[in-house]
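Dear colleague,

Please find the structure below, followed by an account of what was found in it.

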Amino acid sequence: MNHLQVVLFSSSVLIPSVIAAMKFRSVERSFYPFIFFIWVGFLNEIVSYIISFRGGSTTFNNNLYILAEALLILWQFKEWDIFASFKKGFVVLAASLIIVWGLDHGNKQSLGSINLNFRLLYSLMIVLISIHVNNSLVFTVRRSLVKSPVFLICNGFTIYFTYKILAEVFWIYGLNTTKAFRIDVYIIMAWINAFTNIIYAFAILCIPKKPHYIELS
Amino acid sequence: MYSKETTLYRAIIIAVVIIGCIIVYFILSVIRAQKRYRKLNSQNLEAVITSIEKERGRIACDLHDELGPVLSAVKFKLSSVDVSSEIDKKTINQSLFQMDGIIRKIRAIAYNFTPSALQHKGLLFAVQHYIDHYISGSGLKVVLVSDAAVELPHHAEIHAYRILQEIIYNTVKHAKATELKIEIYTAKDHCIILSCDNGVGFNYKDARRHPSGQGLQSLYNRTEVLRGEIHIESKPSKGTKYHIKFPLIHQNQT
């Protein structure tokens, strides 16, 4: 697989982005954070292409993107009432993420370096919450799980971020010595990314329409 | 790549495949467990609701067919008593009046248990009857808008009636509303029930999490038995809106 194919696989985020744009007005409001997450991902891909094309480093925009990604996913979990029993859970986790992100980038220059601690922490957090949501769906969803957008999205998160944890652990231990090795690891990531983007696209198609209500005339 | 990295890369691929298999197995087992749970839950729910309806029917029958005639006979005998004293006559008249009240009350209870109008004249008539006879004194104005072609099988009709009864009852009891609008119509093999009121509303998420009664749960259970979906929108001081939709095909099959 060459660089172009990796780029094409990463561009697969275009599919859920377009579907989300077409369905945006009709879907339930509780799924808006997920749609914003998809669009922010798409925007980051475009910015990354432009920067790469000009020969620059994409680390800066990626560092900002992953903070936005983590907060949007957390907001999505909040919309799904994950923090119902612990109402401050959202604020506590969001504050923790921002603090860790801030500590990873102690100064302005460090925004150009990869923030491994933050990446590991938020990936782990998303995987654990996704598993928790999936388990609770068994008893709460009254229709088939295969067509449940929450179930599909959580599985997408679990698959993608589990691999991300694995990859980040390798980088933390300094196992990214050669470019060839890094590219090979990213190729697997590109496959998984494309697969999860297809899951996200299907999930968006499964998001129920806003229910129609009547008004007193 | 160095030879060490090649080994590492192979290890990563093996790890990815193993983790992938575990995740897929986990997902499949969750789907299977949920399918079983849903089936079991649906069967239990249907059995419980069906037995409740049967029991209601039996009680209604006993009240109407056994207690009603007995009370009528007592009333007849009481009215045939010949007394000369004015005080006794007055007492008997008062008793007869109270007896009429009891008979009316028993009929109303029996009707509430199993509305005969539902069996004989259909859902819309039964709902309108319920509104006219039991809600009229509450100060709530109920507007029922319906599609003349709404015809449901009896199994679905009883659940739809109970759902509407619950919505109306909840509006009278809790909403402090002055107006309630209900729309019932069929579209594309589905029956759709919509309602809105101008009452005080409630915190829907809190009510789902900590229900104070059985009303909301009953709505969910009956909708599930109908294989339908229910959406409720309510906020404090902004009224309550219901959207209930269920397929007609399933109802014909059951």
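B:Phe246 lies in strand S5 (residues 240–247) of chain B; helices (H or I, at least four residues) and strands (E, at least two) are DSSP runs, numbered from the N terminus. This is a predicted model, in which local features need pLDDT of at least 70, side-chain atom pairs count only at pLDDT 80 or more, and totals for chains, interfaces and linings use all residues. Residues are numbered from 1 along each chain as its sequence is written, while chains are lettered from A and ligands numbered from 1 in the order in which they are written.

With 24 other C-beta atoms within 10 Å, B:Phe246 is buried (20 or more such atoms, C-beta atoms being placed from the backbone). Neighbours within four places in sequence aside, B:Phe246 is in contact with B:His190, B:Cys191, B:Thr223, B:Leu226, B:Arg227 and B:Gly228 (contact: C-beta atoms, placed from the backbone, within 7 Å).

The contact between the chains takes 30 residues from chain A and 30 residues from chain B. On the side of chain A that touches chain B, helices H6 (116–140), H7 (149–172) and H8 (179–206) each supply at least two residues, and H7(A) gives the most, with 6 residues.

Within chain A, helix H3 (residues 32–53) and helix H4 (residues 59–79) pack at about 170 degrees, their axes 9 Å apart (axes are lines fitted to C-alpha atoms over the stretch in contact, and angles run from 0 to 180 degrees between N-to-C directions). H3(A) and H4(A) are therefore roughly antiparallel (angles over 145 degrees).

Yours sincerely

Terms used:
Contact = placed C-beta atoms within 7 Å. Parallel < 35°, antiparallel > 145°, perpendicular 65-115°, else oblique. Buried ≥ 20, exposed ≤ 12 C-beta atoms within 10 Å, placed from the backbone.
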